[in-house]
Amino acid sequence: HAGLTVGFEHIPFDALLGNKSRIDTDSAAASDDDDGTYVGKAEISNLNTAYVEPTIYFNESLGVYVKAGVTHGHVDTLESIAIGGNSSTYGNKGVWGSMFGFGIRGTHSSGLFAKLEHLKHDYDTMEFKSGTGNVNTITADIESESTRLAVGYQF
């Protein structure tokens, strides 16, 4: 037989997307005073996903499913590059993405269930432009893959 789950997930934690640093030092003759450590990093927060999960059951307790959904989150740039006269700052943005995966589900007659799934999230390409300093542009293409085990109760 077949089943269908329609769901919503909210991940209340922040996740670091990248964190790189660089140390610049000029010769004694340079006068732009931009010596220091430059840090570029970002994190994603408020991650929400709406999904559908059609399931085909082999018997009353074991089934396989595919999972597809749409995801939205907020990317905060956390750079530390305010050094010297060419300092740049970047804003924060919301980002949309898609989610696709597959899994296996086991259900006990008591209502307890366990799911093992593999998911891939692919987010829209993001572009951040500095409004100050050297007016650089940063482009980010964010993807993630995960395998997870979930345990729950079916009403």
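Glutamate 9 and lysine 67 pair up in a salt bridge, with 3.5 Å between their closest N and O atoms. Glutamate 9 sits in strand 1 (residues 2-11) and lysine 67 in strand 4 (residues 62-77), so this pair ties together parts that are 58 residues apart in sequence. Please keep in mind that this is a predicted model.

**Around lysine 67**

- How many salt bridges does the structure have? The count comes to 6, and the pair of glutamate 9 and lysine 67 is one of them.
- Lysine 67 is buried, with a relative accessible area of 1%. Since buried means under 20% relative accessible area, glutamate 9 also belongs in that class, at 18%.
- Is glutamate 53 buried or exposed? Both glutamate 53 and lysine 67 are buried.

- Arginine 148 and glutamate 117 form a salt bridge through their side chains, at 2.6 Å from N to O. Here too the partners come from distant parts of the chain: arginine 148 lies in strand 9 (residues 143-153) and glutamate 117 in strand 6 (residues 112-123), 31 residues apart.
- The two partners fall into separate accessibility classes: glutamate 117 is buried at 4% relative accessible area, while arginine 148 is partly exposed at 28%.
- Which residues do the salt bridges with shared partners join into one network? They are Glu9, Glu53, Lys67, Lys115, Glu117 and Arg148.
- Glutamate 9, in strand 1, also makes a polar contact with arginine 148, side chain to side chain, at 2.5 Å.

**The strands that carry these residues**

- The chain's secondary structure comes to 9 strands and 0 helices. Read from the N terminus, the order of elements is β-β-β-β-β-β-β-β-β.
- The chain has 155 residues, of which 31% count as buried.

**Further contacts to look at**

- Threonine 49 belongs to strand 3 and is buried, with a relative accessible area of 4%. Its side chain makes a polar contact with the side chain of threonine 71, at 3.0 Å.
- Serine 144 is part of strand 9 and counts as partly exposed at 32% relative accessibility.
- How far apart in space are serine 144 and histidine 121? Their C-alpha atoms are 5.2 Å apart, although the two residues are 23 apart in sequence.

**Patches on the surface**

- A patch of negative charge on the surface gathers Asp122, Asp124, Asp141, Glu143 and Glu145.
- Which strands each supply at least two residues of the nonpolar patch? Strand 4 and strand 9 do.
- At 58% relative accessibility, phenylalanine 58 counts as exposed.

Note on methods: Residues are numbered from 1 along each chain as its sequence is written. This is a predicted model: local features need pLDDT of at least 70, side-chain atom pairs count only at pLDDT 80 or more; totals for chains, interfaces and linings use all residues. Side-chain values use heavy atoms; hydrogens and water are left out. A salt bridge is a side-chain nitrogen of Lys or Arg within 4 Å of a carboxyl oxygen of Asp or Glu. Helices (H or I, at least four residues) and strands (E, at least two) are DSSP runs, numbered from the N terminus. Buried means under 20% relative accessible area, exposed over 50%, partly exposed in between (1.4 Å probe, protein chains only). Patches are made of residues with over 30% relative accessible area and no salt bridge: like charges are joined within 9 Å, nonpolar side chains (Val, Leu, Ile, Met, Phe, Trp, Tyr) within 5 Å. Accessible areas come from the Shrake-Rupley method with a 1.4 Å probe; for residues, only the protein chains shown count as cover. Lys and Arg count as positive and Asp and Glu as negative; His and the chain ends are not counted. The place of a charge is taken as NZ of Lys, CZ of Arg, CG of Asp or CD of Glu. A polar contact is a pair of N or O atoms within 3.5 Å; within protein, one must be able to donate a hydrogen and the other to accept it, and residues adjacent in sequence count only if both atoms are side-chain atoms.
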